[in-house]
Amino acid sequence: MAKEYAMVIQLAKCIGCQACTVACKQQNKVPEGQYRTQSPAIGPTGTYPNVHMYFEKEACQMCKSAPCVRVCPTKASHYNEAGLVLIDADKCVGCKYCITACPYKARFLNKETGVADKCTFCYETRVAKGEKPACVSTCVGGALHFGDLNDAGSEVAKLLAKAKKEVRKPELGTKPSVYYLYEGVVR
Ligand code: SF4
Ligand code: SF4
Ligand code: SF4
């Protein structure tokens with residue numbers, strides 16, 4: 001059976017350390033001032049002493065029906081053999097159509113290469129070799145999980161089977177592969 005890669009984020013475990021942000025920048029040589037992922041603080045909300053805050057990892061949602069792929073005039077943005085949205089640097093002309101089309105603001109024009117850039121799930125550098133993405137391997141709080149949803153024994157499949165999950169902007173029909181678990185988080 002084909003793999004269905006997914007990332008699962010347990011918000012209650014994220015301590016906002018940004019180790020994921022740094023690991024991603026190092027792994028993927030992301031230029032200074034640009035990011036494939038960050039985990040900004042949401043909040044604080046409430047009134048003292050009942051004040052709450054959490055951190056929510058942002059990155060490409062690895063849509064299975066991706067607007068960025070649809071608008072790319074050169075097919076540089078494409079689904080690879082594992083169904084993940086990647087960018088073929090040789091084909092990208094830097095037109096920014098994909099950057100405008102992404103409803104998650106996940107893309108940017110890499111200021112060193114001039115090519116559209118975003119999270120790749122570290123597919124070519126790590127996942128294709130059997131490793132986890134850099135952010136997942138580095139996550140200090142144990143908030144990040146990655147694996148194949150078509151493997152019922154995988155950590156991600158087990159987590160999603162028992163938890164209440166959310167995807168971002170489900171109403172857009174983009175079918176994200178990044179799932180957010182808010183259990184234990186006060187919103
Ligand atoms: S989150 Fe944006 S960049 Fe990522 S696959 Fe979806 S539309 Fe494309
Ligand atoms: S999967 Fe890789 S490219 Fe994506 S946010 Fe994590 S470290 Fe960055
Ligand atoms: S490394 Fe893990 S705990 Fe730290 S900010 Fe990133 S997701 Fe949160």
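The model is predicted, so local features need pLDDT of at least 70 and side-chain atom pairs count only at pLDDT 80 or more, while totals for chains, interfaces and linings use all residues. Residues are numbered from 1 along each chain as its sequence is written, chains are lettered from A and ligands numbered from 1 in the order in which they are written, and side-chain values use heavy atoms, with hydrogens and water left out.

**Stop 1: the largest cavity**

Rolling a probe the size of a water molecule over the atoms shows where empty space is left. On a 1 Å grid over the protein atoms alone, a cavity is a set of points where a 1.4 Å probe fits but cannot get out; a pocket is an open set with protein on both sides within 12 Å along at least five of seven lines; lining residues have an atom within 4 Å of a point. Grid points are joined across faces, edges and corners, and a volume is the space filled by probe spheres set on the points.

Select Cys 14, Cys 20, Ser 39, Cys 139 and Leu 144, which lie nearest the centre of the largest cavity among its 15 lining residues. The space inside this cavity is about 110 Å³. Its lining has 10 nonpolar, 4 polar and 1 charged residues. In these classes Ala, Val, Leu, Ile, Met, Phe, Trp, Tyr, Cys and Pro count as nonpolar, Asp, Glu, Lys and Arg as charged, and the others, Gly among them, as polar.

**Stop 2: the whole chain**

Zoom out to the protein chain, which has 5 helices and 10 strands. Helices (H or I, at least four residues) and strands (E, at least two) are DSSP runs, numbered from the N terminus. The radius of gyration is 17 Å, close to the 16 Å that the globule rule gives for 187 residues, so the chain is as compact as a globular protein of that length. That radius is taken over C-alpha atoms, and the rule is 2.2 Å times the number of residues to the power 0.38. Along the principal axes, the C-alpha atoms fill a box of roughly 55 × 40 × 35 Å.

Of the 187 residues, 48% count as buried (buried means under 20% relative accessible area, exposed over 50%, partly exposed in between, with a 1.4 Å probe and protein chains only).

**Stop 3**

Which residues of helix 1 are buried? Select Ala 19, Cys 20, Thr 21, Ala 23, Cys 24 and Asn 28. Their cover includes helix 4 and strand 8 (144-148).

Now show ligand 2. Of the 13 residues around ligand 2, the nearest are Cys 24, Asn 28, Cys 119, Cys 122 and Cys 135 (a residue is near a molecule or strand if one of its heavy atoms lies within 4 Å of it). Helix 1 and helix 4 (134-138) each supply at least two residues of this shell. By class, the shell has 8 nonpolar, 3 polar and 2 charged residues.

**Stop 4**

The largest pocket has a volume of about 450 Å³. Helix 1 (19-28), strand 5 (85-87) and strand 7 (116-117) are the elements that give two or more residues to its lining. Of the 18 lining residues, select Asn 28, Arg 36, Ile 87, Asp 117 and Thr 120, which lie nearest the centre. The lining has 6 nonpolar, 6 polar and 6 charged residues.

The second largest pocket has a volume of about 260 Å³. Select Glu 58, Ala 59, Tyr 104, Lys 105 and Ala 106, the closest to its centre of the 14 residues that line this pocket. They belong to a lining of 6 nonpolar, 2 polar and 6 charged residues.

**Stop 5**

Show ligand 1 with its surrounding residues, including Cys 60, Cys 63, Pro 67, Cys 68, Cys 102 and Lys 118. The shell around ligand 1 divides into 9 nonpolar, 1 polar and 2 charged residues.

Next select Ala 101, in helix 3 (residues 97-101). Ala 101 is partly exposed, with a relative accessible area of 22%. Not counting residues up to four places away in sequence, Ala 101 touches Pro 67, Cys 68 and Val 71 (contact means heavy atoms within 4.5 Å). Ala 101 and Pro 67 are 34 residues apart along the chain, with their C-alpha atoms separated by 5.8 Å.

**Stop 6: Lys 164**

Finish in the loop between helix 5 (155-162) and strand 9 (165-166), where Lys 164 is found. Is Lys 164 buried or exposed? Lys 164 is exposed, with a relative accessible area of 68%. Leaving aside neighbours within four places in sequence, Lys 164 is in contact with Tyr 180, Leu 181 and Tyr 182.
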